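Let's go through this one by question and answer, with the coordinates open alongside.

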Amino acid sequence: MSFSDSETSSHGTEYRNFKHVSRDRLLHEMLGSSGSGDSRSSWKVLIMDKVTVKVMSSTCKMADITDQGVSLVEDLFRRRQPLPTMDAIYFIQPSKENVVMFLSDMSGREPLYRKAYVYFSSPIPKDLVARIKNDTSVIPRIGALGEMNLEYFPIDSQGFVTDHERALEELFGESAQNSRRTDACLNVMATRIATVFASLKEFPFVRYRAPKGRDASTTNFRELVPEKLATAIWNNITMYRSSIPNFPQKETCELLILDRSVDQIAPVIHEWTYDAMCHDLLDMDGNKYVHEVPSKSGGPPEKKEVLLEDQDPVWLELRHTHIADASERLHDRFTNFVSKNKAAQMEQRDGGELSTRDLQKMVQALPQYNEQKERLSIHVEIAGELNKVIKETGLRELGQLEQDLVFGDAGTKEMIHFLRTKQDTAGENKLRLMMIYASVYPEKFEGDKAAKLMQLAKLSPEDMKAVKNMRMLEGSEKRKASSGSFSLKFDSQKKGKAARQDRTGEEETWQLFRFYPVIEELVEKMCKGDLPKDDYQCMNSPQPATREVNGSSARNAPPKTAESTNPRSVRSRRTPNWARSRTSDDGYSSDSNLRSFSTDFKNMGQRIFVFIIGGATRSELRVCHKLTSKLRREVVLGTTSLDDPPQYITKLKLLSEKELSVDSLRI
């Protein structure tokens, strides 16, 4: 077997962010290293299966692939035209079916391709290696046979999924009791997570959320899921340590494995950032936003798709800002753009005579002007649509109650008043409010109280399944009340009836921006070495040296950040003196995220990985970006799926169903 040997981990001399490493490995280690050296054919065919297609498409663009000499991308299981003068790169999973298909392509007197460069997405079993070697007609036609160990799906520069949309049902549903399906789900999940560390050449301390009790008679299988996953990941990583050249022998990073029960408020509360609101309130398909543009032929408006992704500098700057902040910035950006951009100024003139010099400048600026104007216009349109939905649905008042419940500033009285006076509130929003209320006041759902609340909120029994099924994620049956109804214990550290405490040392912020997910506190505690060892156990006990702040190695720990102790306002919107950057004539920030991105990761500490079983939220992804800047350690979020509130609620309702319909998850 051949393996790549690049220095990509945070313990090396060059630091590259998580997604950058993944992209470089696919493009350069796999596609770029497969040249035959024969000038007769510099173009190659790339052959993938359904999983590796997802890996490639989530990491690279088609232009990146063609730049590496790939002229054709093919499906392994589709009938393909023979191209005997071209080389083929196979990027496939190490399954029996895939190996059989590959051997069929390359064996016999007339193989489909001249030479095959075969790369597996995860470790290949020895019996499949033997099967390949036993085919004597194929061996001479193999240019490379290696393990890429890259079978995860980046969703962000600091986030990835294992593509387990049914993880909640398979691991926490009524049928999740040590079944074969459960074990298979955990094994595939562990394999894919382990390839993250193989790809980055990182050796983690593997920590996991431990079950509350170690008594087998009272510990529910659901409580053991993080431990089972941690064990499977550890087994994979220890294999990598002995099989991959230059793989670190000492720990270089930290991994914390959690499940969705650690925070059941984050998936349903309204998050007020631009990114989260786009996916929560607009009818988007993944990262695609569809809007109407005037028809060039003069007919009805045409629909156009726009991708909200990292390549868009406006999106990159605004995605984690409060919607009010984003709207204000967009207004200023657009005004500044029109006032400073020469082409825009000329377009606004009232037909006055233009000098030759003015015409020359206009022609030179026009292509860039059109592109930037269109980009800004799209985001102005999106922000306007979001603010319209917020106003029409009365979301500000609902959002205020949600956050007041979480922070202990509202209770049953306020909840009942809202349900009685705001009966036109959308059913989904009332359900989300009810789930937050159940998290903070579990005793209100004992006995027949749940039915009365359901009646007051006018929620259907189907809707109430989401609230009742929250107990399945919490684990042990011993947490049920003696009456037979369920109770919820979401945060053992909460004081009074507050599920969150206001963060000290945070700058003044916008109204409705108080909420933060639990993982923010957990990551900070882990970074300081304050995470309770009994509650979050470690597969490999950390050595004291890794906790030193002033040790000889700067990568072992981040510098401590001084925090302000001044109280902050959480009631009123902050004054509009957010740090406005100097802007260039093109209307963009002269010190935008894109321009400073290359320097953001210099002198970083060890990476921190957080994996959430059962789905993660956009607020949790946002927190990872925030903590990366704050802690000077790249925080990478992994999860089984990235869920917006409607998706999560649908999955939660189906926990009590015997069989889950995949179609029902496509919301």
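Buried here means under 20% relative accessible area, exposed means over 50%, and partly exposed is in between. Keep in mind that the model is predicted.

Q: Is Arg 166 buried, partly exposed or exposed?
A: Arg 166 has a relative accessible area of 23%. Buried needs under 20% and exposed needs over 50%, with partly exposed in between. So Arg 166 comes out as partly exposed.

Q: Which residue does Arg 166 meet in a salt bridge, at 3.8 Å from N to O?
A: The cut-off for a salt bridge is a nitrogen within 4 Å of a carboxyl oxygen, so 3.8 Å counts.

Q: How many residues apart are Arg 633 and Glu 254?
A: The two side chains meet in a salt bridge, at 2.9 Å from N to O. Arg 633 sits in the loop between α22 (618-631) and β14 (635-639), while Glu 254 belongs to strand β9 (residues 253-259). Both Arg 633 and Glu 254 are buried. The pair links distant parts of the chain, and the separation is 379 residues.

Q: Which helix holds the salt-bridge partner of Lys 630?
A: Lys 630, in helix α22, forms a salt bridge with Glu 524, the closest N and O atoms being 2.6 Å apart. Glu 524 is buried, because its relative accessible area is 10%.

Q: What is the order of the five strands in the open sheet?
A: The pairing is parallel. The edge strands, each pairing on one side only, are β2 (70-75) and β5 (142-147), and the twist averages 20° from one strand to the next. The order is β2-β1-β3-β4-β5.

Q: Which residue of β3 is the bridge partner of Val 45?
A: Strand β1 (residues 44-48) and strand β3 (residues 83-92) run parallel, joined by five bridges. In β3, the partner of Val 45 is Ala 88.

Q: Is Asn 98 buried or exposed?
A: Asn 98 has its place in helix α4. Beyond its neighbours within four places in sequence, Asn 98 is in contact with Asp 49, Leu 76, Phe 77, Ile 92 and Gln 93. Its relative accessibility is 4%, so Asn 98 counts as buried.

Q: At what angle do helix α1 and helix α2 pack?
A: Helix α1 (residues 18-31) and helix α2 (residues 50-59) have their axes 9 Å apart, and α1 passes α2 in a left-handed crossing. The contact uses Lys 19, Ser 22, Arg 23, Leu 26 and Met 30 of α1, plus Val 55, Met 56, Ser 58 and Thr 59 of α2. Those residues split into four nonpolar, three polar and two charged. The packing angle of α1 and α2 is about 115°.

Q: Which helices are among those that cover the buried residues of α23?
A: In helix α23 (residues 645-653), the buried residues are Pro 645, Tyr 648, Ile 649, Lys 651, Leu 652 and Lys 653. Their cover includes α6 (167-172), α9 (274-281), α16 (427-440), α18 (461-468) and α19 (470-474).

Note on methods: Residues are numbered from 1 along each chain as its sequence is written. This is a predicted model: local features need pLDDT of at least 70, side-chain atom pairs count only at pLDDT 80 or more; totals for chains, interfaces and linings use all residues. Side-chain values use heavy atoms; hydrogens and water are left out. Buried means under 20% relative accessible area, exposed over 50%, partly exposed in between (1.4 Å probe, protein chains only). Helices (H or I, at least four residues) and strands (E, at least two) are DSSP runs, numbered from the N terminus. Two strands pair if DSSP finds at least two bridges between them. Axes are lines fitted to C-alpha atoms, for helices over the stretch in contact, and angles run from 0 to 180 degrees between N-to-C directions. Contact means heavy atoms within 4.5 Å. A crossing is left-handed if the near helix is turned anticlockwise from the far one by less than a right angle, and right-handed if clockwise. Ala, Val, Leu, Ile, Met, Phe, Trp, Tyr, Cys and Pro count as nonpolar, Asp, Glu, Lys and Arg as charged, and the others, Gly among them, as polar.
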